[in-house]
Amino acid sequence: MLVPTALEAGDALDRLVHEPARLIILTALAACARADFVFLQRATGLTNGNLSAHLTRLNEARLVTIEKRFIGRKPNTLVAITAKGKRAVERHWSQLEELRAGALDLATRSGLPKESR
Amino acid sequence: MQTISASAEARQAGQVAARFTDLLGLRQATGGAGLLLAFAWSIAFPMTPSRFGQSGGPALWPYLLLVAGLGATIAGVRWINGWYRREYGEVEGTRRQKRVGAVLGAAGVLSFLVPLEIEDLVQNSRHVASANVALFTLSLWIVCYGLYLGPRFWHYLVIAAAGFAFGVATAAGMLPATLDWHIRELLLYFGLASLAGGLIDHVILTRSLPRPRNASADGS
């Protein structure tokens, strides 16, 4: 049955990665070697405190590494994705793609018009 | 279930991170402004053989002006680099991205220099290249650069098309066909192309990375 399969796939999503801000952080980091705090703040639109909390969470799960340094007298935080983090975000995107394909299939079978899918 | 817009935002963040250095367009625009200044300089002080034949040689101050303009351009690019670091942060590319960037950069320099060398050789044999060859090779390189950057950077294809059209205009004899004119045409085209391309890149960056808002999400 398609609906339970899609729901199971939804349940299988990693909640740690699935949270929108964290998905943005991990997807951005997967596309580069490393990025700093200012860039991630711009990419997510989060406040300092919120972004710090998300990064701590990802760091605790060993999905990212955090390096603190000084540029002149200003502190600068560099964040890089780990191999585990890269695998997690790649798996997450393929699961989302499967879900999307399942939902499209369901819409086709139930005869929904194209524009409402 | 996550909304489609959250997934789209994540994908966009990935695309911006992958092309971050290329999106810092104000650096390129400043370089373009410098090239346009060089074009204006070359019009104001044409380097004709007769100028070199004057007693005492050409005056020194036009060269000082050129060096000052070059210095101002370099200082401007450095300042903009710092501004981007403060406002948009830093993204370090992967090794593969750096390698591809180096290959593209080298190809760009060659597409600029090799045709000029060929035109120089043609002129030394007392002939004149009837077309500005570098306009064609540079446009071809811009097409490759635009394709490398991806679908959001279609403006580079328009810029390259303008370059081809400009090249055809020189081949049709609408502009004098001499090496110094060819260099001026190149300065004008590459200056305008850098300025326009850089400004559009910057607009893409600012739209993709808006200022942080007060988000309600917690870090749990």
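Here are some notes on the fold, the sheet and the charged side chains of this predicted model.

1. Ground rules. The model is predicted, so local features need pLDDT of at least 70 and side-chain atom pairs count only at pLDDT 80 or more, while totals for chains, interfaces and linings use all residues. Residues are numbered from 1 along each chain as its sequence is written, chains are lettered from A and ligands numbered from 1 in the order written, and side-chain values use heavy atoms, with hydrogens and water left out.

2. Chain A overall. Chain A has 6 helices and 3 strands (DSSP runs: H or I of at least four residues for helices, E of at least two for strands, numbered from the N terminus). Starting at the N terminus, the order is α-α-α-β-α-α-β-β-α. Of its 117 residues, 44% are buried (under 20% relative accessible area; exposed is over 50%, partly exposed in between; 1.4 Å probe, protein chains only).

3. The sheet. Four strands make an open, antiparallel sheet in the order E2(A)-E3(A)-E1(A)-E1(B) (strands pair if DSSP finds at least two bridges between them). At the edges sit E2 (64-71) of chain A and E1 (91-92) of chain B, each pairing on one side only.

4. The hairpin. E2(A) runs antiparallel to E3(A) (residues 74-81) over 8 bridges, and Arg69(A) has Asn76(A) as its bridge partner. The two strands form a hairpin with 2 residues between them, and Gly72(A) in the turn has a positive phi of about 70°.

5. Glu97(A) and its two arginines. There are 8 salt bridges over all chains (a side-chain nitrogen of Lys or Arg within 4 Å of a carboxyl oxygen of Asp or Glu). Arg100(A) reaches Glu97(A) with the closest N and O atoms 3.0 Å apart; both lie in helix H6 of chain A, 3 residues apart, about one turn. Arg11(B) also bridges to Glu97(A), at 3.9 Å. Since Arg11(B) belongs to helix H1 (residues 4-18) of chain B and Glu97(A) to H6 of chain A, this pair joins two chains. Glu97(A) is partly exposed at 35%, and so is Arg11(B) at 40%.

6. A pair within chain B. Arg184(B) and Asp180(B) form a salt bridge at 3.4 Å, and they sit 4 residues apart in helix H9 (residues 179-208), about one helical turn. Arg184(B) is buried at 7%, whereas Asp180(B) is partly exposed at 26%. Elsewhere, Arg34(A), Glu67(A), Glu92(B) and Lys98(B) are joined into one network by salt bridges that share partners.
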